[in-house]
Amino acid sequence: MVLVLGAGCCFVKGYVVEHLLHFRLLAKLSQGRMFSFVSKRLSLMMMTKVCCFQRNFSSALPPLVPVKLPSKMETHFWYVLPDEVKSESLLSQYSELLSPREKKNLYHMQGDQFKKSALLARVLVRTTIARYQTNCQVNPRSLKFKKTIYGKPEVDWENGDKWCPPPLHFNISHTSSLVACGVTVNVPIGIDVEEKQRRLKNKILAFAKRYFSPDEVKLLTAISDPEIQRQEFIKLWTLKEAYVKAVGRGFSAAPFNTFTIRARVVKMGGFHHFDTQHSEASEIVVESSDDPENLTRNWQFALLDLAGSHYAAICIEKENSAGGEAGVPMRLTVWKTIPFVEDERVSGTGAVVPISGLIKQL
Amino acid sequence: MATFSAITSVIFAPSLKPSLSNNVIAERTSNLKMAIGGWRKNRFPSLKTNRFCVSCSAKPETVQKVCEIVRRQLALPAETELTSESKFSALGADSLDTVEIVMSLEEEFGIGVEEENSQNITTVQEAADLIEKLVEKKAA
């Protein structure tokens, strides 16, 4: 289902608003120029034609399409493909959403492609969180972020005491070609995305022996085809990263070689290598050599082939502390988005192919 | 401020030649408490360093080697400026790159970096400093 912010009506706080401008044009402006950071604003001639009686965040950008918070059992996953965002004016408007500190960080980054994906990562997290405020509009520019004592980013809700912030959790990950944000309610989430074609500079087994658990090294060593071995390595890396990010205590709290992630066939007992043919039937589990207790049974994983180009791993904490109930799938909705321009729900389409883990796409 | 430092030099380093006459010192006495209080809040000017550690920065050769490894890992174009202050994250390194860099550094220098330490390496300088510390420890 494609939602295009074109001519139409939008109900906001009881006001009926009519948009006269086709906002998709924004994406087609500036025919393929290289992205540059000269922050000149395009003449907003087109934008002034907008008759919009609701409070607008900036004079130029249309409102975000609001989305209901995920339910307790759901995970929302949003992603942007930087190559689809070509308009310099749109990128310029995006950079206006950033805080002074974010702008400063961006300024110091080297490499146009990298800078662009870093910008889109900040824009994605701000606009995504802003969408979920259905009771009152939140300006994505006004969101503040802070870090926990372990360094995990979270929203710094600042409103008055009548306001009860939603128990929203998020996590972002990006490569130069894909930017993603995962959202849950009540439970922590960690995500990691990696290009499928990513190659290591070091030798895979040497790297695995240094950083992965002995069982994982054994699993990778058993793969004779070097290309398959490389793919399995990348998948394992994203899963381990997603787990550490979900736990949220940094690399040192959960060193990679102290836990093992593997796929397990549900209801059949025993352990199984990643099995792409029976993805619905294999569950991903984590076992810790440091903590053989229940903590590790509380985490649920999904591994996806995203947009044909990336592996995406999602790790969330299971709601019930009883943990170990096997066979409950992660309920997942995935959107591909260009903030303010286009949202497309892609779960259940060819853009999202489950590889491993119990997943139910919505 | 000249007055401020004159007061401190009178109180804390009597061997220094006070540039003020006795009259001026007497005048300033009432401001003494405030001045001392102010001094306590600020760092003593001569210890103007980011890290209160005795060992100074790593050798230039170490920094150079780190730069080479980082440049290779991140496939940086020749024109990208790389200094000791360069932050890995600003160069486009993701977590996998950073871990690969640490591994390459371990191999290059024959050391082992613990996870807690590798998390704290965010710049070329920090990497070089840690390497020298570990190399020293290994030699000892």
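Local features need pLDDT of at least 70 and side-chain atom pairs count only at pLDDT 80 or more, while totals for chains, interfaces and linings use all residues, and side-chain values use heavy atoms, with hydrogens and water left out. The model scores ipTM 0.74 and pTM 0.74.

Chain A contains seven helices and 17 strands, helices (H or I, at least four residues) and strands (E, at least two) being DSSP runs numbered from the N terminus. Of its 362 residues, 53% count as buried, that is, under 20% relative accessible area, as against over 50% for exposed and in between for partly exposed (1.4 Å probe, protein chains only). Among contacts (heavy atoms within 4.5 Å) in chain A with a separation of 6 or more, 66% are made by residues 24 or more positions apart. The accessible surface of chain A comes to about 17100 Å², of which carbon and sulfur atoms hold 55%; such areas come from the Shrake-Rupley method with a 1.4 Å probe, and for residues only the protein chains shown count as cover.

Strand β14 (residues 330-338) of chain A is largely enclosed by the rest of the structure, because eight of its nine residues are buried. Parallel pairing links β14(A) to β4 (residues 74-80) of chain A over six bridges, and three bridges join β14(A), also in the parallel sense, to β17 (residues 359-361) of chain A. Arg331(A) takes part in both pairings, as the bridge partner of Glu74(A) and of Lys360(A) in β17(A). With β15 (residues 342-345) of chain A, by contrast, β14(A) runs antiparallel through four bridges, and Thr337(A) stands opposite Asp343(A). The hairpin of β14(A) and β15(A) has three residues between the strands, and Phe340(A) takes a positive phi near 75 degrees there. Burial also marks helix α2 (residues 88-95) of chain A, in which eight of eight residues are buried, among them Leu90(A), Leu91(A) and Tyr94(A).

Chain B has seven helices and zero strands, and 34% of its 140 residues are buried. Its mean pLDDT, the predictor's confidence in each residue from 0 to 100, is 70, with 60% of residues reaching 70 or more. Confidence in chain B is lowest in helix α1 (residues 2-12), at a mean of 41, and highest in helix α4 (residues 60-74), at 92. Over residues 1-30 of chain B the pLDDT is below 50, and this stretch has 15 contacts in the model beyond near neighbours in sequence. Where pLDDT is low, the predicted coordinates should not be read in detail.

For residues 60-135 of chain B, an unreviewed UniProt entry lists "domain: Carrier"; such annotations may be inferred rather than shown by experiment. The end C-alpha atoms of this span lie 15 Å apart, and the span is 62% helix and 0% strand. Ala90(B), found in the loop between α4 and α5 (95-109) of chain B, counts as buried because its relative accessibility is 14%. Not counting residues up to four places away in sequence, Ala90(B) touches His108(A), Met109(A), Gln110(A) and Phe114(A).

Key
Residues are numbered from 1 along each chain as its sequence is written. Chains are lettered from A and ligands numbered from 1 in the order in which they are written. Two strands pair if DSSP finds at least two bridges between them.
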